[in-house]
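Please look through the sequence and the 3D view before reading on. The report below goes from one residue to the chain as a whole.

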Amino acid sequence: MRQCARIYSILLSVLALAAICSPISAQAKEGDVETLWRLLDYIAVDYPGAVDKGKVINEAEFSEMAEFSGTVVDGLAKLPLKSGRAGLIAKGNELNTAIDNKASPEVVARQARLLATELLRSYPVPLAPKTAPNVQTGKQLYAQNCASCHGMSGNGQGPDAGQLNPAPIAFTDVERARERSLFALYQVIGQGLDGTAMQSFADLPARDRWDMAAYTGSFAFKEASKGQKLWETDAAIRALFPDLSALASMTPANLGKQIGPEKADAVTAYLRANPEVIGTASTGSLALSRTKLKESLAAYQAGRKDEAESLALSAYLDGFEPLEPGLAARDPSLLKAIELAMAHVRAAIGDSLPVAEVESRISALDGLFLEAEAALDADQASQASAFVGAFTILLREGLEALLIVVAMIAFLRKAERPEVMPYVHGGWIGALLVGGATWFAATYLIGISGASRELTEGFGSLFAAVILLFVGLWMHGKSRADEWQRYIRKTMSKALSRGSAWFLFGLAFIVVYREVFETILFFAALWTADNGMTILAGSGAAILLLSVIAWAMLRYSRKLPIGKFFAYSSALMIVLTVILTGKGIAALQEAGLMSVTPLPDFPQIAMLGIFPAVQPLIAQVLVIAIIAAGYWYNVRLKNMQG
C-alpha cells in the first residue's frame with residue numbers, strides 16, 4: 001500500500017502541473033479586452049461621421065478613427081499569446097488599412113464588428129449582468145449623474161451641455177442608438193470616453209452601471225406596447241433572446257436584419273424597458289444551441305473549420321449541457337439521442353466531411369430539440385417527475401462512491417486497523433463539505449461552465465480509475481488466505497503507514513467529491529420554488545436506500561472468508577475501473593479535449609461507462625488488457641511461490 005501513496009502523490013503532482021500549464025493561466029486582463037472592444041464599437045458607430053463616399057468630411061473625427069484603429073492593433077499585440085491572436089492582429093491591420101483608404105462606413109463597421117466579436121471569442125469577458133437590470137434604479141442614477149449634460153429626456157441638451165466641446169451625445173438619436181448594444185453603453189459608462197467630458201463611473205457597482213445602460217438605451221425607442229405584442233405572440237423573436245447575454249450584446253441594427261427595422265425598434269423598446277422578461281423565458285429553450293449551430297455551419301461553409309468546431313462545441317456546452325439534468329430526469333433516451341447527434345456534428349466537422357453532410361446532421365437536431373423543449377416545458381415538470389428525478393440521480397451518483405468507500409472500510413476491518421478508519425471517514429465527509437462549498441459558490445459567487453464540469457468529471461473519473469486499477473490488482477494478489485497471512489506478518493505494519501492512510505483519505509475524497517459535484521449541478525438545474533420539498537423527499541428516499549445497501553455490504557463482508565473477500569473486492573474494483581475509464585474519456589470528449597469518432601449503431605449504457613464512440617471503447621479495451629495481464633502475473637507468481 002506504500003506504493004499506492006507514492007502513486008497518489010505522483011498523480012497529484014501531475015494534475016497540479018497540468019493546472020499550472022493550462023491555457024486558463026494565460027488569461028488577458030478583463031479591462032484591456034473591454035477597452036479594445038469599446039474602441040472597436042466606437043469606430044463602428046462614429047466612422048460614418050468622418051468619411052462619406054470616399055472623402056473625409058470631418059478631419060478631427062477621421063484622425064480620431066485612425067488613432068483608435070492603431071491603438072487597437074497595438075493593444076491586440078500586447079494580449080497574452082493564444083492561437084487566435086495572430087488572426088486578430090491581421091484583422092486589426094485590415095481595419096487600419098480600410099480607414100487609411102477611406103473605405104465606406106459599411107465596410108469599416110462590418111470589419112470592426114467582426115473583429116470585436118472574434119476578440120471576445122478568443123478572450124472572453126462577461127457580456128451580461130447576473131440579473132436583469134432595474135430600469136427604475138437606472139432612471140434615478142441617470143438623473144443624479146447624467147441629466148445635467150445629456151438632459152432629462154436624453155436629447156443631449158442638459159443645463160451644462162452648452163459649455164462642453166464636443167457636445168454630449170443625444171441618446172434620442174435613433175440612427176446612432178440602433179448601432180449601440182447595452183454592453184457598449186455599459187462599457188462607456190464604466191470607462192468614460194477619452195477626449196470628451198464623459199467621465200468614468202467605474203466607482204459604481206457593476207449592477208448600477210447595467211441599470212444605467214438599460215435606461216439610457218431606451219430613450220430612442222418608444223413603441224414598447226407594440227414590442228410587447230410581438231414578444232408575446234412570436235416565438236421566433238423570443239428564441240433570439242435566450243438569456244441576458246443575448247439582450248446585452250444584440251444591437252437594434254442587427255436585430256433589424258433578422259426581423260425588420262420597425263419590429264426591431266419596437267422589440268428593443270419593450271425589452272430595454274422590461275429586461276426582466278428575459279428571465280421568465282422557458283428554461284427549456286434551446287435557442288442558443290440553434291444559434292451556435294447555425295453560426296457553426298456558416299463558418300464551415302466559409303472554410304473556417306476551427307471556428308466551426310469551436311461553435312459546434314459551444315452549442316453543446318453552453319446551449320444544451322446546462323439543460324441535461326432536467327432532460328435526464330424526464331426523458332433519458334431523448335437525452336442520449338441528442339448527445340449522440342451533437343457528437344455526430346462535431347465529428348463531421350472534425351473529419352472535414354462535405355458541407356451538405358454537416359448541414360444534414362445539424363438539420364437532424366431540429367426535431368430532437370423540439371421534443372426536448374416540450375419535455376422541459378414547465379408544465380411537464382410534475383411533482384412525480386421531480387421526485388423520481390431526484391431519487392434516480394442521487395442513487396445513481398451515490399452508488400459508485402458508496403461501493404468504493406464501503407470496500408475500503410471493510411478492508412480496514414479485515415486488517416484490524418481501526419486507527420486508520422478516521423482517514424477514510426475524513427475523506428468522504430470532507431468531500432461532502434467541499435461539495436456544499438461548491439454549491440454555494442456555483443449558486444452565489446461564480447458560474448460553473450459546461451467545459452469546467454466535463455473536465456472535472458473526466459479527470460476525476462480517470463484519476464479514480466488509475467487508483468482502483470492498482471488497488472484491484474493488489475487485492476487480487478492477496479486473495480489467497482495464505483498469501484494474506486504472509487502479507488500481514490511481513491509488511492502490514494508498514495503498509496498502513498501514515499502515508500498510506502492519507503492515500504486512503506485522498507481516494508475517498510476524490511471518488512465522493514466527483515459524484516457530489518455532478519449531483520449538485522443536476523439538482524441545481526431541477527430545483528424550482530414549487531418542487532423543492534419534492535426533490536428533498538426523493539433525495540431522502542435515495543439516501544435511505546443507499547444506507548441499507550451500505551449496511552448490508554458491511555454486515556455480510558464480515559462473514560466472508562478473507563480469500564473470498566479479497567476476490568470479490570478485487571472484482572468490484574476492476575469493474576469500476578472499466579466503467580470510470582469510459583466515463584472519463586466520454587467527459588473529456590464532451591469538453592472538446594478529445595476528438596469524437598461516433599459508432600451510430602453501438603448501444604449507450606452510461607451506467608456501465610459504455611458510449612457509442614471509438615475512443616472510450618478503445619480506452620476500456622486497453623484497461624481490460626492491463627487487467628488481464630495483471631491477473632495472469634498474479635496467478636503465475638502464486639504458482640511459483642506455491
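## One residue in its place

In which helix is the place of Q620? Q620 lies in helix α28, which covers residues 614-641; helices (H or I, at least four residues) and strands (E, at least two) are DSSP runs, numbered from the N terminus.

Because its relative accessibility is 6%, Q620 counts as buried, a word that stands for under 20% relative accessible area, with exposed over 50% and partly exposed in between (1.4 Å probe, protein chains only). When neighbours within four places in sequence are left aside, Q620 is in contact (heavy atoms within 4.5 Å) with V578, I579, T581, G582, L608, G609 and I610.

## Source and numbering

This is a predicted model, in which local features need pLDDT of at least 70 and side-chain atom pairs count only at pLDDT 80 or more, while totals for chains, interfaces and linings use all residues. Residues are numbered from 1 along each chain as its sequence is written, and side-chain values use heavy atoms, with hydrogens and water left out.

## The nonpolar cores

A nonpolar core is a set of buried Ala, Val, Leu, Ile, Met, Phe, Trp, Tyr and Cys residues joined through side-chain atoms within 4.5 Å. The largest one has 69 residues, of which L119, F241 and L271 touch the most other members; its largest share, eight residues, comes from helix α2 (residues 30-46). A second, separate core of 35 residues includes L402, V512, I520 and L576.

## The whole chain

The protein chain has 28 helices and two strands, and buried residues make up 49% of its 642 residues.
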